Amino acid sequence: MAKTPKYTLKKRPRGRPRKEKPAAKEKKEYSTDAVRYLKYKMAPDVWVEENYDITLDSWQKEALNTQSNRLLLNCSRQAGKSTVVSLLALHHALFTPKALVLVVSHTDIQAKETFKKIADSFHDLKTEWYKSEVDTVYEIRFNNKSRIIARTGQQPDSLRGYSGVTLLIIDEAASVLEESYMVLKPMLAVSKGKVVLLSTPKGKRGFFYDAYKDAHENNRESWHYLEIKADDCPRITQEYLLSEKERNPDWVFEQEYYCVFISNVSNIFPNVADLFIEMPLDDHWSFDLDLD
Ligand SMILES: Nc1ncnc2c1ncn2[C@@H]1O[C@H](COP(=O)(O)OP(=O)(O)OP(=O)(O)O)[C@@H](O)[C@H]1O
Ligand SMILES: [Mg+2]
């Protein structure tokens, strides 16, 4: 027996027009400039490589692109840390309107030097988007209302008074005064800004070492930690390292090129532990130290 169909096909009456398909949504056109701007904002490493004649090391890309609010760079001498944070400072200022970037270095000369790097990078950029309105040896103010300011970390009082810091960079942080860090740190509390500490180690002391301990030994997630030894830097040759090894005490070599925090007393008396081991137990010994 033939099954009754569950549906019937109605014939469309002749002459009745087919239903018009709704017109495809008009595609929004973005200008190539806007696309480029977004791309550069989201990918600082791409911005650098498309605008400068530089091939970034992979750790430099990571340092530029991290979303973390706390970046800690423990690097060999000459690894390229000041270069990458100068570019980070400039990128932040250009792509975050009304940003306040404070770059602190351990001496005034270093502050000027780091600032020159940033200023030169800006002037090399020949950007059609931004112009500088104020341009001095310590400060650039851009037409998007962002500012980059450089200061020495040797005068804590000269650091007071800035609020709304969105990016705080401390170069050679192991040499910057503890007191300066105490002045600077609260500036990020309200703005929820980002802090970048970069240095070659200088003993087991100070806020740079504390941050290292937090990131490394205490296994806290709070810092994005990058450790760049001389071997990781393609611009430092093995020949150069060998000559430095011959010329310096081991602890200096390890500190300067292999990111090692050396305890301070062993810097002064490298063999002090051996002295104590060889001391006879039944005698009384006294030491007179003349450090002059
Ligand atoms: N990706 C790179 N490609 C080519 N040259 C680079 C790169 N990164 C840094 N440099 C160059 O390497 C040299 C050292 O860089 P930089 O001054 O940033 O290192 P640093 O780690 O801050 O050194 P220091 O320990 O002396 O402070 C500079 O001449 C810089 O231009
Ligand atoms: Mg440097």
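Okay, hi everyone. Before anything else, please keep in mind that this is a predicted model. The protein has 292 residues, and 30% of them count as buried. Its secondary structure comes to 12 helices and 8 strands. As for contacts between residues at least 6 apart in sequence, 67% of them join residues at least 24 apart.

Let's go to the sheet. It's an open sheet of 8 strands, and if you walk across it the order is β3-β4-β5-β2-β6-β7-β1-β8, with mixed pairing. At the edges you find β3, residues 132–135, and β8, residues 224–228, and each of those pairs on one side only. From one strand to the next, the twist averages 15 degrees. A quick reminder: strands of a sheet pair through backbone hydrogen bonds, and they can do that in a parallel or an antiparallel way.

Now look at β7, residues 194–199. Is this strand mostly buried or exposed? Well, 6 of its 6 residues are buried, so the rest of the structure largely encloses it. Lys194, Val196 and Leu198 point one way, Val195, Leu197 and Ser199 point the other way, and all are buried.

So who sits beside β7? On one hand there's β1, residues 70–75, which runs parallel to β7 and is joined to it by 5 bridges. In that pair, Leu73 stands opposite Leu198. Then there's β6, residues 167–171, also parallel to β7 and also joined by 5 bridges. There, Ile170 has Leu197 as its bridge partner.

What about helix α4? It packs on the sheet, touching β1, β2, β4, β5, β6 and β7, and its direction makes about 165 degrees with that of β6. Another helix, α3, residues 58–65, lies across β1 and β8, running at about 160 degrees to β8.

On to the core. The largest nonpolar core has 57 residues, and the ones touching the most other members are Ala89, Val101, Val103, Leu168, Ile169 and Leu197. Which element gives this core its largest share? That's α4, with 8 residues. If you want to zoom in on Leu168, its contacts beyond four places away in sequence are Leu102, Leu184, Met187, Leu188, Gly193 and Val195.

Next, the ligand. 15 residues surround ligand 1, and the closest are Arg77, Gly80, Lys81, Ser82 and Thr83. Here's α4 again, residues 81–95: this helix gives the most to the shell, with 3 residues. By class, the shell has 4 nonpolar, 7 polar and 4 charged residues.

Last stop, two loop residues. Most residues other than glycine have a negative phi. Glu172, though, has a positive phi, near 50 degrees. You'll find Glu172 in the loop between β6 and α6, and it counts as buried because it has 21 C-beta neighbours inside 10 Å. Lys192 also has a positive phi, near 55 degrees, and lies in the loop between α7 and β7. Is Lys192 buried or exposed? With 8 other C-beta atoms within 10 Å, Lys192 is exposed.

That's my tour. Happy to take questions!

Technical notes. Residues are numbered from 1 along each chain as its sequence is written. Chains are lettered from A and ligands numbered from 1 in the order in which they are written. This is a predicted model: local features need pLDDT of at least 70, side-chain atom pairs count only at pLDDT 80 or more; totals for chains, interfaces and linings use all residues. A residue is buried if 20 or more other C-beta atoms lie within 10 Å of its own, exposed if 12 or fewer, and partly exposed in between; C-beta atoms are placed from the backbone. Helices (H or I, at least four residues) and strands (E, at least two) are DSSP runs, numbered from the N terminus. Two strands pair if DSSP finds at least two bridges between them. A residue is near a molecule or strand if its C-beta atom, placed from the backbone, lies within 6 Å of it. Ala, Val, Leu, Ile, Met, Phe, Trp, Tyr, Cys and Pro count as nonpolar, Asp, Glu, Lys and Arg as charged, and the others, Gly among them, as polar. Axes are lines fitted to C-alpha atoms, for helices over the stretch in contact, and angles run from 0 to 180 degrees between N-to-C directions. Two residues are in contact if their C-beta atoms, placed from the backbone, lie within 7 Å. A nonpolar core is a set of buried Ala, Val, Leu, Ile, Met, Phe, Trp, Tyr and Cys residues joined through C-beta atoms within 7 Å.
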